[in-house]
Amino acid sequence: MNSINRLLRKTRTLLTTSLIQRSVTSGTDGEVRISQLLKEKFPQAASLKVVDISGGCGSMYEIHIESEEFKGKKTVHQHQLVNQALKDEIKAMHGLRIFTAVPKQ
């Protein structure tokens with residue numbers, strides 16, 4: 001049982017390290033392409049982070065975006081705006097996690 005727990009901890013550490021390293025580097029082609037599309041659609045975005053969470057194959061992404069364009073809109077509408085901006089890219093994806101917010105003043 002201890003060896004299984006050690007293996008699980010080591011696996012979690014490796015996965016976390018991989019995600020951190022990838023978010024620090026320039027990003028995959030898909031991350032860069034999606035970031036560019038979102039920057040064009042949401043020019044007031046205070047922060048934007050796109051991470052390929054599929055292991056680099058480009059089939060699943062996680063997006064964190066804070067923008068004034070979301071002010072006064074319900075979360076579901078904010079997510080619809082992101083989905084609309086990425087409608088062509090979404091066709092090739094397996095999944096997408098979206099986290100939106102209005103920047104704090």
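Which residues have the most contacts inside the largest nonpolar core? I'll come to that after a word on the model. This is a predicted model, where local features need pLDDT of at least 70 and side-chain atom pairs count only at pLDDT 80 or more, while totals for chains, interfaces and linings use all residues. Residues are numbered from 1 along each chain as its sequence is written, and side-chain values use heavy atoms, with hydrogens and water left out.

Now the core. Ile34, Leu38, Phe42, Ile63 and Val82 have the most contacts inside it, and it holds 13 residues. A nonpolar core here is a set of buried Ala, Val, Leu, Ile, Met, Phe, Trp, Tyr and Cys residues joined through side-chain atoms within 4.5 Å; buried means under 20% relative accessible area and exposed over 50%, with partly exposed in between, using a 1.4 Å probe on protein chains only. Two or more residues come from each of α2, β2 and α3, and β2 gives the largest share, three residues.

Next, helix α2, residues 29-41. Its buried residues are Gly30, Glu31, Ile34, Ser35 and Leu38. They cover an arc of only 130° around the axis, which puts them on the same side of α2; the arc is taken from the directions from the helix axis to the C-beta atoms. Asp29, Lys39 and Glu40 are exposed on the other side.

Last, the structure's one aromatic pair. Phe42 and Phe70 are tilted, 5.2 Å centre to centre with 50° between the planes. Rings of Phe, Tyr and Trp (its six-membered ring) pair if their centres lie within 6.5 Å; planes under 30 degrees apart are stacked, over 60 edge-to-face, the rest tilted. Phe42 is buried at 3% relative accessible area, and Phe70 at 0%.

Conventions: Helix = DSSP H or I, 4+ residues; strand = E, 2+ residues; numbered from the N terminus.
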